[in-house]
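Please examine the sequence and the three-dimensional structure shown below. The paragraphs that follow lead through selected features step by step.

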Amino acid sequence: MRLGAIEAGGTKMCCAICDENGNILERMTCPTLKPEETLPVMRAWFEDKNIDCLGIACFGPIDLHKDSETYGYVTTTPKPYWGNTDFVGAFRSLGVPIGFDTDVNGSVTGEATFGIAKGIKNVVYLTIGTGVGAGILCEGNLVHGMLHPEGGHILLTKRADDPMEGSNCPFHPNCFEGLCAGPAIQKRWGKPGKELGDREDVWDLQAWYIAQALVDYTMILSPEMIILGGGVSHQTQVLPMIRKYYAEFMNGYLKTKELEDLDNYIVVQSLDDNQGILGAAIIGLKELQAQG
Ligand code: ZN
């Protein structure tokens, strides 16, 4: 089968044709400009690709309620130009079933189908990059609820020695994204994270915040694995620090085989940053199967 897939990000859009075995057959990437510029470019790319279905894993917030008038829309995003944009509608004329979900639900689907979480039914996938978001697989199902989880905006305790005033989130003075996303690192330290690789104080603070969030996810969702993606997954020196603080904050409260082996409980993405696009393809395939 030829599964069309879109991973829609705030800075770039990735379009691909995949098969159901996790192979990417063709790929095209374009920058995320205004919707009226970017959507037609992607639509045109799929035009002659003979796809059976299309899956879209999109930055949010988005409307996932099929009975809503704005189903398939990017809704209240602070990203310039993209608020109230009918994303799915731009591809309806392709005439194939279209699955639509969050970017992070795409990534958790990719990892649970083809990657390190294959066969695991309770997984949290956390991306920490330009933004912070969490895709959640619970008993084998993607969690949506009233909207979809916004795991990047959970509130954290701020560390007393954090040199940043407030946070970088316009809504919350102490949320995870506002304290840990790439722009927050830039604001706090004056440089992007990738130029701060050897600064232990930078990553110690980062790990302290990430570990708080992971403990909260564990307590609420009881995942069997937590996967980190985004830019932070390439700063591998931070992983042992995250696990150290995680154990400290957990303080022995829960005893499970997973938590006794944090090296295999808190892990990084395993699909070379293709988890989102591969997961998007599967989200499209599931919509095709649902429509019979
Ligand atoms: Zn926030």
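Predicted model: local features only at pLDDT ≥ 70, side-chain atom pairs only at ≥ 80, totals over all residues.

The zinc ion is coordinated by the ND1 atoms of His153 and His172 and by the SG atoms of Cys169 and Cys175, at 2.1 to 2.4 Å. Along the sequence, these donor residues follow the spacing H-x15-C-x2-H-x2-C. What is the geometry of the site of the zinc ion? The angles among the four donor atoms run from 105 to 117°, and the site is tetrahedral. The reasoning rests on a cut-off: four donors count as tetrahedral if all angles lie between 85 and 135 degrees.

The next topic is the aromatic rings. A pair of aromatic rings is described by the distance of the centres and the angle of the planes. Across the whole structure, a search finds ten aromatic pairs. One of them is formed by Phe59 and Trp82, whose ring centres are 5.9 Å apart and whose planes make an angle of 80°, an edge-to-face arrangement. This pair links distant parts of the chain, since its members are 23 residues apart. Phe59 belongs to the loop between strand 4 (53–58) and strand 5 (73–74), while Trp82 belongs to the loop between strand 5 and strand 6 (85–86). Both Phe59 and Trp82 are buried.

A further aromatic pair consists of Tyr246 and Tyr265; it is tilted, with 6.1 Å centre to centre and 55° between the planes. Tyr246 lies in helix 6 (residues 238–250) and Tyr265 in the loop between helix 6 and strand 12 (266–268), so this pair ties together parts that are 19 residues apart in sequence. Tyr246 counts as buried because its relative accessibility is 1%. Tyr265 is likewise buried, with a relative accessible area of 2%.

Aromatic residues also form a group. Phe59 and Trp82 belong to one aromatic cluster together with Trp45, Phe46, Phe87 and Phe91.

Methods: Residues numbered from 1 in each chain as written. Heavy atoms only, no water. Donors = N, O, S within 2.8 Å, 3.2 Å for Na, K, Ca; no water. Tetrahedral: all angles 85-135°; square planar, octahedral: opposite > 155°, others 65-115°. Phe/Tyr/Trp six-rings, centres within 6.5 Å; stacked < 30°, edge-to-face > 60°. Helix = DSSP H or I, 4+ residues; strand = E, 2+ residues; numbered from the N terminus. Buried < 20%, exposed > 50% of the residue type's maximum accessible area, 1.4 Å probe, protein only.
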